[in-house]
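The sequence and structure come before the details.

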Amino acid sequence: MSTSQIPPATAVPGDDVPTLLVKIFGKDRPGITAGLCDTLAAYGVNIVDIEQVVTRGRIVLCVLVTAPTGGWTSEGDLRATVHSWADSMRLQAEIISGRGDNRPRGTGRSHVTVLGHPLTAESTARIAASITGSGGNIDRIFRLAKYPVTAVEFEVSGTETSALRTALVTEAAGIGVDVAVVASGLQRRAQRLVVMDVDSTLIQDEVIELFAAHAGCEAEVAEVTARAMRGELDFEQSLHARVALLAGIDESVVDKVRAEVRLTPGARTLIRTLKRLGYQVGVVSGGFTQVTDDLKDRLGLDFASANTLEVVDGKLTGRVVGEVVDRAGKARLLRRFAAEAGVPLVQTVAIGDGANDLDMLNAAGLGVAFNAKPVVREAAHTAVNVPFLDTVLYLLGITRDEVEAADTAVDTVDGPADRADG
């Protein structure tokens, strides 16, 4: 029978329409998907659903099709032909009869990203059990990255995102993995604003300590910092007390401190990738504009705000000028940047490590505690506890392959990209 003589199959099967799940597995090679679909085409069936995955060179291809209709051929003929084709390709085939399409996914849909270094079977089992225990169903799992960490994403339905996040963050804290839970929807694919802290987040250093080393007052600055950590001073008091110790040092020290600043591993990759995707990126810091303005220029940031060291006659006065950027100030700046960028607050991402970042992390659509203090990890939406800033990309659903493909494309057009992240 020619293709023109094949009777049309039901385009959208109802729950009572017979369907067949055709599963093919074996060693991957080019042409398997085309060969199977060509074999099925001879029976006039329609594709209802199709999914394929290849793991370590082994393919699993699942195709849900309408059962043959019209009386000119039978399901038995289709089964025999598919098995014969599979044998000729040295593949295995399984065909399961049923009715209708996949059952509808439950309401409440989320993306669960899990980062492990390494990702163990035990930790994965406990995360999966927690999803099930929260009333969720795992619809799909796939790998986002294999280095510098293993990152996998679970697509989950059947439970609300907030409840799922609470359950999984609690579980993750006890098993040594990082978990991020975000709601599914178009906003996950929308352009976003990413705002991060600077000291011990974007960079590995504490800028005030770099200045203190040149002023010869490291011990005194450390003591003021310790008093703030004990709650004896608030941020603004500790800032003024530490900056006062810098009075009299030459303005040329600023250039020396800029040269000493070390970017966190993965910082350039994170920013470069976000910018290629059309995201806007900014920094807010309790440090100083003398450093953040330089970082803005070097990294192509869209926004930057920090405290400003006063300089008079080429010397630091030991004072800051303008509005102090403190814990509340960081959250205000996040909102200001979002308004200027035209990005709803729900589509913002904030990254930080300290208690003075908490208001910003909680105000953002996604707050990421990066190698943070315990109190910050517990309060943020999610935590990343590996020393690679670009792992934040995986929380946004961006794969390592996509990052590297973008780098390769730019290399081809513009020459080698700058991969010096440290």
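At what angle do α8 and helix α10 (residues 289–299) pack, and how far apart are their axes? The angle is about 50° and the axes are 10 Å apart.

## Basis of the values

This is a predicted model, in which local features need pLDDT of at least 70 and side-chain atom pairs count only at pLDDT 80 or more, while totals for chains, interfaces and linings use all residues. Residues are numbered from 1 along each chain as its sequence is written, and side-chain values use heavy atoms, with hydrogens and water left out.

Helices (H or I, at least four residues) and strands (E, at least two) are DSSP runs, numbered from the N terminus. Axes are lines fitted to C-alpha atoms, for helices over the stretch in contact, and angles run from 0 to 180 degrees between N-to-C directions.

## Helix α8 and its two partners

The crossing of α8 past α10 is right-handed; a crossing is left-handed if the near helix is turned anticlockwise from the far one by less than a right angle, and right-handed if clockwise. On the α8 side V254, V257 and R258 meet Q290, V291, D294 and R298 of α10, where contact means heavy atoms within 4.5 Å. This contact has three nonpolar, one polar and three charged residues (Ala, Val, Leu, Ile, Met, Phe, Trp, Tyr, Cys and Pro count as nonpolar, Asp, Glu, Lys and Arg as charged, and the others, Gly among them, as polar).

Helix α8 (residues 253–260) also packs with helix α5 (residues 207–215), at an angle of about 130° and with the axes 10 Å apart. That makes α5 oblique to α8, and the crossing is right-handed. From α5 the contact takes V207, L210, F211 and H214, and from α8 it takes V253, V254, K256, V257 and E260. By class these are six nonpolar, one polar and two charged residues.

## Helices α3 and α4

The axes of α3 and helix α4 (residues 161–175) cross at roughly 160° and come within 9 Å. That makes α3 roughly antiparallel to α4. The crossing of α3 past α4 is right-handed. S123, R126, I127, S130 and I131 of α3 make the contact with L164, L168, E171 and I175 of α4. Five of the residues in the contact are nonpolar, two are polar and two are charged.

## The largest pocket

The largest pocket has a volume of about 950 Å³. On a 1 Å grid over the protein atoms alone, a cavity is a set of points where a 1.4 Å probe fits but cannot get out, and a pocket is an open set with protein on both sides within 12 Å along at least five of seven lines; lining residues have an atom within 4 Å of a point. Grid points are joined across faces, edges and corners, and a volume is the space filled by probe spheres set on the points.

Of the 31 lining residues, E51, V53, D139, R140 and I141 are the closest to the pocket centre. Two or more residues each come from β1 (18–27), β2 (47–55), β3 (58–66), β4 (92–99) and β6 (137–145). Strand β2 gives the largest share, seven residues. The lining divides into 13 nonpolar, eight polar and 10 charged residues.

## Backbone features in loops

P118 lies in the loop between β5 (109–116) and α3 (121–133), and P148 in the loop between β6 and β7 (150–157).

R56 is not a glycine, yet has a positive phi of about 45°. This residue is in the loop between β2 and β3.

Definitions and conventions:
Parallel < 35°, antiparallel > 145°, perpendicular 65-115°, else oblique.
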